[in-house]
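Student: I have a new protein model open and would like to learn how its terms are used. Could we go through it together?

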Amino acid sequence: RIAKSALVLSEKFGSSDEKTQLCVNYYLGAGQLEPYHLDASQLRKGFESGLSSGDSNPAFYCANLGVYFSIISAEKDLTSLLKEIDYYLLLLETYKSELAKKPILCYRETVATLIDRGETTGIDAKLSYADACDLGPGNKLLGVFYFQEVFRNYWLGYTERCHHYAQKSMDISKQENFFNYIVKFYHALNLLDMIKKKTNYAKTLEVVEIIESMKIVASHAETNFRNKLELLEAEHYGLTARHDVAMRTYDAAIVSAQKAGFLHEQGLAFEKAGFYCKRMEYDEMALSYFNQALECYQKWGSSVKVEYVRKELGKFSV
């Protein structure tokens with residue numbers, strides 16, 4: 001509350017450089033309790049304030065953090081976000097800030113991959129594992145690299161790669177924080193997919209442990225984590241043959257994602273509900289869920305996910 005009050009006061013009375021520094025400090029900590037959409041928007045303002053005052057380092061830190069929040073919340077459609085990232089990269093060339101450029105390149109690869117696997121949106125410059133390790137063990141850039149690999153590979157459906165990078169991410173992030181719980185969310189979803197494919201039954205207990213921990217996180221950051229908790233619970237209920245409660249919880253996850261403005265996770269909840277109904281041979285319901293997932297992914301701007309859902313819909317027409 002004190003940090004938020006200081007941020008509000010800086011917007012009214014503080015200088016641009018003070019506002020930018022406060023923005024960085026707030027959104028690294030207490031900002032995790034705020035809706036992620038708001039975080040992305042406020043950090044964009046922090047970037048503009050810092051740049052206008054000539055304080056470029058914290059300004060670009062705001063830009064980096066803002067892009068991160070925008071990616072995980074679908075605060076912008078992917079094409080618009082890619083344009084914003086390219087604008088930052090253009091400015092970074094002018095300011096010769098190689099350190100700030102590295103995470104931006106990592107985020108850019110994620111966005112381009114989600115749009116069309118980088119086929120028309122990709123560029124040669126990328127953040128490699130070697131680049132991420134340049135600062136030595138424990139550096140934050142390596143955490144960015146691992147997280148983006150988890151996020152990217154989950155949405156592409158690369159189960160083993162997602163599992164590998166989730167383990168790497170959690171190994172270097174021993175301290176519990178809200179960033180780690182985004183990794184845990186995708187890790188648990190990925191484990192549930194592996195269990196459904198009968199490739200890793202032993203991971204059921206780990207999923208249950210993540211769900212229990214997610215309940216605590218959701219109690220502190222309702223907007224950002226309620227839908228994630230509900231989707232994990234729905235998937236787990238489906239595996240344990242609790243069919244009625246599974247359907248109710250899928251629908252709850254959809255509503256919560258919509259309220260939070262997480263368009264991509266709303267689409268994911270529709271998609272998961274569609275697959276569940278398909279397994280249960282509720283074909284009409286499955287078609288309805290898949291069509292709504294398709295609509296979400298189209299708005300998000302991911303042709304990768306649009307193509308994926310269309311293939312599933314095509315199987316029904318056959």
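Student: Why does L268 count as buried?

Tutor: Two things about the model come before the answer: it is predicted, so local features need pLDDT of at least 70 and side-chain atom pairs count only at pLDDT 80 or more, while totals for chains, interfaces and linings use all residues. Residues are numbered from 1 along each chain as its sequence is written, and side-chain values use heavy atoms, with hydrogens and water left out. Now to L268: buried means under 20% relative accessible area, exposed over 50%, and partly exposed in between, with a 1.4 Å probe and protein chains only. L268 has a relative accessible area of 1%, so L268 is buried.

Student: Where is L268, and which residues is L268 in contact with?

Tutor: L268 sits in helix α14. Helices are DSSP runs of H or I with at least four residues, strands are runs of E with at least two, and both are numbered from the N terminus. Contact means heavy atoms within 4.5 Å. Leaving aside neighbours within four places in sequence, L268 is in contact with Y154, W155, L189, L231 and Y297. L268 and A293 are 25 residues apart in sequence, yet their C-alpha atoms are 6.7 Å apart in space.

Student: Why is T113 called buried?

Tutor: T113 has 11% relative accessibility, so T113 counts as buried. This residue lies in helix α6 (residues 98-116). Not counting residues up to four places away in sequence, T113 touches G118, R152, L156 and V304.

Student: What is the phi of K96, and what is the phi of R117?

Tutor: K96 has a positive phi of about 55° although K96 is not a glycine. R117 has a phi near 60°, also a positive value in a residue other than glycine. For background, most residues other than glycine have a negative phi.

Student: How do you know that the span of α3 agrees with what a helix should have?

Tutor: The expected span is 1.5 Å times one less than the number of residues. Helix α3 (residues 36-52) has 17 residues and should span 24 Å; its end C-alpha atoms are 24 Å apart, so the two agree. Helix α13 (residues 243-260) passes too, because its 18 residues should span 26 Å and its end C-alpha atoms are 26 Å apart.

Student: What covers the buried residues of α13?

Tutor: The cover includes α3, α12 (222-239), α14 and α15 (283-300). Among the buried residues of α13 are V245, M247, Y250 and I254.

Student: What makes a set of residues a nonpolar core?

Tutor: The set must be buried Ala, Val, Leu, Ile, Met, Phe, Trp, Tyr and Cys residues joined through side-chain atoms within 4.5 Å. The largest such core has 98 residues, and F47, F225 and L232 have the most contacts inside it. The largest share of this core, 11 residues, comes from α10. F47 is among the buried residues of α3, and its contacts beyond four places in sequence include A59, F60, Y87 and L91.

Student: What are the charged residues in the lining of the second largest pocket set against?

Tutor: The lining divides into seven nonpolar, three polar and 11 charged residues. Asp, Glu, Lys and Arg count as charged, Ala, Val, Leu, Ile, Met, Phe, Trp, Tyr, Cys and Pro as nonpolar, and the others, Gly among them, as polar. The largest share of the lining, six residues, comes from α14.

Student: How many helices and strands does the protein have?

Tutor: There are 16 helices and zero strands. Of the 318 residues, 53% count as buried.
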